[in-house]
Amino acid sequence: MTSSRAPGLELVGVERTYAPGEADEVRALRGVDLAVAPGEFVSLEGPSGCGKTTLLNLIGLLDAPTAGEVRWEGRSVGGRTDRERSRLRLEGVGFIFQRFYLLPSLTARENVELPMRALGLGRALRQARASELLSEVGLSGRERSYPHQLSGGEEQRVAVARALANQPRLLLADEPTGELDRVNTEGILNLLEHVRRERDATLLLVTHNPSVARRARRHLTLEDGRITSDVREA
Amino acid sequence: MIGGRGNRRLRHARLQAILAVAAIATAVALPVVLLSVGGGVSSHELADLQNAGYQLVVSAAGLHGISNAHALSQRILGLASVAAASPVLSVAIDAFPNGSGPTPVLAEGIIPGEFGPTLGPAESGLFPSPLPLGDPTDRIHFDNGSYAGPATYQVLVSSPFAQALHVTTGDRLLLGATANASGAVAYRVTGIFGVPPTALGPTGAFAALLPLSDLQVMTGYADGSSAPVTDAADTMEVAVVASATTQPGVIDSVRAQIQALVPFYGVSALSQEAEQLESASAVLTGFYLALSSVGLTVGLVFLALVLVRRVETERRSIGIRRAIGQPGRSIAAGVIGEGAVLAASGAAAGVLVGYVIVEAIATWATSTVQEAARLALFVPLTLIELTAGVIGLSLLAGGWASRAALRIDLAEALR
């Protein structure tokens, strides 16, 4: 499913080289070209070390390319300053990580509030929205639980709620079900599909698992820093 | 498992915070003690000078070096604006109270009528008024330098002496220049005077006050047999008339006139001595701060290391926050703010610890150390400045740590 709404995501000749010119130089990405339409659900597969996470980090502006351009809605964003990239991430991207990465000293609701705090929203509004989001991911009543009091599936649900807190147009999920059992995996995938549809967001999902990848409508395969396969389902 | 790791991290973080606060508290306690005690002693000495009833002091280079003290007093009294010129001879003698063995006493020989006006408001209440020492001018016994006139043989003793040796007004008291009672002369105790609190202990607490000529004859300072001069005194304290006490110009003019009379003696104004004392106090304060800066530097370096360590252990949390989009300056402000809070807590604890140390010394220490601690002054402004300084310096430590936080590679931190 696609949407006519901006933004489009575009990578043009993107390269990422670690320690360039040195003996231990690593070329993680080698001239990646990619265009993703708004609202698309794209899976990204490939063997370990092929550059999937690097690509996701570049798209999410956690990292900057060595060469090439990352464009959002036609604007080049990859080479922006750290401060500008922080702002763009805050306003446009939601991250979901394999290991959830919730802050252990904060409750579920406080974790969800984090992006809204960074956006400068008032406390009452933040709390109301966080409770709403937790309810949306099926965690009503667990607002005051700390991460260590939650199961893996619940933690990932909190992470999804946190990723949605800033109402992102781009959801980036790096092996979001990698540490979950089958039941929780299904639950999280259903949830991601649901929020993508509801919010008309672009979802880019990195996975090793073919059954997880099958949920997407477009399948990218990355090998040795290059996109070797790009399959769209009818 | 995550919970256990999180709890351990939390405990480590708390321990680090406690250690950082303790390090800064220790570093701050030292200057608090030094500044409060040093400042208190200086302030006390300054108050003594400012509360004195005289404004000028004539002094000789050596002990008992002023000669012809009676005549010099008269010459100075002849100057305009001079209200009193009081020569003082201080000599350690022996007393034989109630037939007992010799007791060392600091005797001060004075001209009673000149001594009274040179007492400040704090001191005058300690002495009977007028001083019951017979001839107020000390001229009868002095008899123009012949010392042939009749002596009054009257003496005042200090209250510590009277209490310790059970001496009361009306008692007979043998006084002599040496520990040999056979050479002692019988005096009648005509009064008891209080001892003003001293900055550095009970020196001179066993004291006696008697006519200058009596003490000079007793100790040989009348005819120069015990000193290179005759009619000897140590200092001459000069009081100006009440209307001139607030006029530095008049005091300086009197000083210049006395200096012209006795160019071979030192003549100084107490205001000059007060200025010198203030300068010395400022130098000491600087020295205390310099000494304390070593501890403060160590404390702040420790704080910086704790903050950097916190950044390292919170690397992933910082990475998550930044991935979410929290601005770098917000992360940096958090680190700097944490440092400032730890520094402020440490400084507050240091002030408290310093106060407790001074109180403990004032309560349980002995002699001069205890006396000095009792004079300690905790000036709020100084303590606030010290705390503000520590917090200000903590910003540097926080800045160093926040740089480390901002340099974290996000992709690496989230791997």
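Two strands count as paired here if DSSP finds at least two bridges between them. With that in hand, welcome to a set of close-ups of a predicted model.

**View 1. Strand β2 of chain B and its partner β8(B).** Six bridges link β2(B) to strand β8 (residues 235–240) of chain B, and the two run antiparallel. To find your place in this pair, look for B:S86, which stands opposite B:E237 of β8(B).

**View 2. The hairpin of β2(B) and β3(B).** Strand β3 (residues 103–110) of chain B runs antiparallel to β2(B), with eight bridges joining them. B:L89 has B:G109 of β3(B) as its bridge partner. Five residues lie between the strands of this hairpin, and there B:N98 takes a positive phi near 50°.

**View 3. Strand β2(B) beside β5(B).** Here β2(B) meets strand β5 (residues 172–176) of chain B through four bridges, again in the antiparallel sense. The residue pair to pick out is B:P97, opposite B:L173 in β5(B). As background for this view, chain B as a whole has 14 helices and nine strands. Of its 415 residues, 40% count as buried. Among the contacts in chain B with a separation of 6 or more, 77% are between residues 24 or more positions apart.

View 4. A:T221 has A:S229 in β10(A) as its bridge partner.

View 5. Which residues of β6(A) lie on each side? A:V93 and A:F95 are on one side, A:G94 and A:I96 are on the other, and all are buried. Four bridges connect β6(A) with strand β7 (residues 170–174) of chain A, and these two strands run parallel. In this pair, A:I96 stands opposite A:A173 of β7(A).

**View 6. The four-stranded sheet of chain A.** This second open sheet has the order β2-β1-β4-β5 in chain A, with antiparallel pairing. Strands β2 (26–36) and β5 (75–76) of chain A are at the edges with a single partner strand each, so one side of each is left without a neighbour in the sheet. Strand β4 (residues 67–72) of chain A pairs with β5(A) over two bridges, in the antiparallel sense. One bridge to look for sets A:W72 with its partner A:R75 in β5(A).

**View 7. Where chain A touches chain B.** Chain A brings 20 residues to the contact and chain B brings 19. On the chain A side, the elements that give two or more residues are α2 (82–92) and α3 (108–119) of chain A. The largest share of that side, six residues, comes from α2(A). By class, the chain A side has 11 nonpolar, four polar and five charged residues.

View 8. Nine of the 12 residues of α3(A) are buried, leaving the helix mostly covered. Among these buried residues are A:R109, A:N111 and A:E113, along with A:V112, A:L114 and A:M116. What covers them? The cover includes α2, α4 (123–136) and α5 (152–164) of chain A, together with α10 (315–324) and α11 (328–364) of chain B. Just after the helix, A:G120 takes a positive phi of about 85°.

**View 9. Confidence along chain A.** The mean pLDDT of chain A is 89, and 97% of its residues reach 70 or more. Among the elements of chain A, β9(A) has the highest mean pLDDT (95), while helix α6 (residues 182–199) has the lowest (86). Over residues 1–7 of chain A the pLDDT is below 50, and this stretch has 17 contacts in the model beyond near neighbours in sequence. Where pLDDT is low, the predicted coordinates should not be read in detail.

Note on methods: Residues are numbered from 1 along each chain as its sequence is written. Chains are lettered from A and ligands numbered from 1 in the order in which they are written. This is a predicted model: local features need pLDDT of at least 70, side-chain atom pairs count only at pLDDT 80 or more; totals for chains, interfaces and linings use all residues. Two residues are in contact if their C-beta atoms, placed from the backbone, lie within 7 Å. Ala, Val, Leu, Ile, Met, Phe, Trp, Tyr, Cys and Pro count as nonpolar, Asp, Glu, Lys and Arg as charged, and the others, Gly among them, as polar. A residue is buried if 20 or more other C-beta atoms lie within 10 Å of its own, exposed if 12 or fewer, and partly exposed in between; C-beta atoms are placed from the backbone. pLDDT is the predictor's confidence in each residue, from 0 to 100.
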